[in-house]
Amino acid sequence: MRRSALILLVAGLVLTALVVFGGLQPLGAIVAFVCITGAALVPWQVQDPDASRETELWANPVETEVAHAIVAGMPDPNVLLDRVGRVIHLNAAAAQLVPALRRSELAQFALRAPEIVTALREAIATRESRRTTYLNPVPVDRWMELIITPIPVPTAFGGVDYCMLLTFHDQTPLRRVEEMRADFVANASHELRTPLAALSGFIDTLQGPAREDARARERFLGIMHAQAARMARLIDDLLSLSRVELSAHVRPETIVDVVPIVREVVDGLEPLAAERHVEIEVALPEASVRICGDREELLRLFENLIENALKYGASGGRVMVSSMLGVSPEGAPEFRVVVRDFGPGIAPEHLPRLTERFYRVDVGDSRAQGGTGLGLSLVKHILNRHRGRLLIESVPGHGASFTACFPQAQNATEAEN
């Protein structure tokens, strides 16, 4: 229509000039203008649209919407680069995995792992496929495999150019399964050896010298029951820890309210508090506090924290469970649940190692209380999966406080919406 308007404008000006200066009759000028108008408005198509579209495809086949749709539809993170390493297309999974990737910018600036840069340079230079693995430590450790595939692309002049297709495969579940198997065997063999030896010894005694001793049998059976319960708790904690570690790289997406979960745990531990003569003071908000979380894991987290306070801080006579709003080191708002006891406290040299597996401040006291040495390690891994953090503060003689921090992210609001 713009071309037709331009033609009509020029034709009108020419005919007007001919009428004024060239002696052309006005009627003839009008007739000529009408004919030109009709010709200009007819939708003539000089070039075949299919041929035009084919020419465009052969000119830049990888920069079309079809190529973009193919890359966007791939389930794994995929990035398509030109021959010098600039990003042409990337799908949503790749943008989530590497947020620094930008279209028309060099991928080497965003993919800073040395293994990736080396493999990409070799693939561009040799035009051969490359495969490499690397560790992505942010926000949690993820083992990734990168496959670089050169793709020949015909050019407009009959030649061949090359693009690079980067495909990322998440190897984290496989790695974690291997680590879980190795850790389970090592930890189980180490921690189960003592109760198994005790059970075996008591069974031999009951089958031998104490066969007819009812009093000794009653005493030994009680000890055997305690040792069996200890092994059951140990295996349960090991399995829970392994499950959490297996999915540590996947952040929960379900929206949960933290406040009723904490109240449910407190209500469930009231019998233990009464047995230890400890009063639990609760100061939680009435309004709901929603985060992205796994309800069962959060129940386990708060149960471990409050149960530890009741067991190891019982001498203080009370345990406080409160909450507050805070700010993370990155400046993001977060919701904090604080569990504080008023017991003997923890010496400073023990604080950095409390979340290690099977680390105990007092081994004898821990085993006497029924502890497995895995509670705080499980708490740390659950918080890592929820992208939170654990703060531990203690002054000997004045109790200890354990603070579980959860991000009050916009992600939770967006997911709810």
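Student: Is arginine 300 buried or exposed?
Tutor: Arginine 300 counts as buried, at 18% relative accessibility. Buried means under 20% relative accessible area, exposed over 50%, and partly exposed in between (1.4 Å probe, protein chains only). One caution: this is a predicted model, where local features need pLDDT of at least 70, side-chain atom pairs count only at pLDDT 80 or more, and totals for chains, interfaces and linings use all residues. Residues are numbered from 1 along each chain as its sequence is written, and side-chain values use heavy atoms, without hydrogens or water.

Student: Where is arginine 300 found, and what does it touch?
Tutor: Arginine 300 is in helix H12. Helices (H or I, at least four residues) and strands (E, at least two) are DSSP runs, numbered from the N terminus. Leaving out residues up to four places away in sequence, arginine 300 touches Asp236, Asp237, Ser240, Leu378 and Ile382. Contact means heavy atoms within 4.5 Å.

Student: At what angle do H12 and H14 pack?
Tutor: About 140°, with the axes of H12 (residues 295-312) and H14 (residues 375-385) 9 Å apart. Axes are lines fitted to C-alpha atoms, for helices over the stretch in contact, and angles run from 0 to 180 degrees between N-to-C directions.

Student: Which residues in H12 and H14 meet?
Tutor: From H12, they include Arg300, Leu301 and Leu305; from H14, Leu378, Val379 and Ile382 are among them.

Student: New topic. How many aromatic pairs does a search of the whole structure find?
Tutor: The search finds 2. Rings of Phe, Tyr and Trp (its six-membered ring) pair if their centres lie within 6.5 Å; planes under 30 degrees apart count as stacked, over 60 as edge-to-face and the rest as tilted. Phenylalanine 302 and phenylalanine 406 have ring centres 6.0 Å apart and planes at 55°, so that pair is tilted.

Student: Which parts of the chain does that pair link?
Tutor: Distant ones: phenylalanine 302 is in helix H12 and phenylalanine 406 in strand S12 (residues 400-407), 104 residues apart. Both phenylalanine 302 and phenylalanine 406 are buried.

Student: And what about alanine 248, buried or exposed?
Tutor: Alanine 248 is buried, with a relative accessible area of 8%. Alanine 248 sits in the loop between helix H9 (214-246) and strand S6 (255-257). Alanine 248 and proline 173 are 75 residues apart in sequence, and 9.3 Å apart in space, C-alpha to C-alpha.

Student: Last one: how many helices and strands are in the chain?
Tutor: The chain has 15 helices and 12 strands. Of its 417 residues, 41% are buried.
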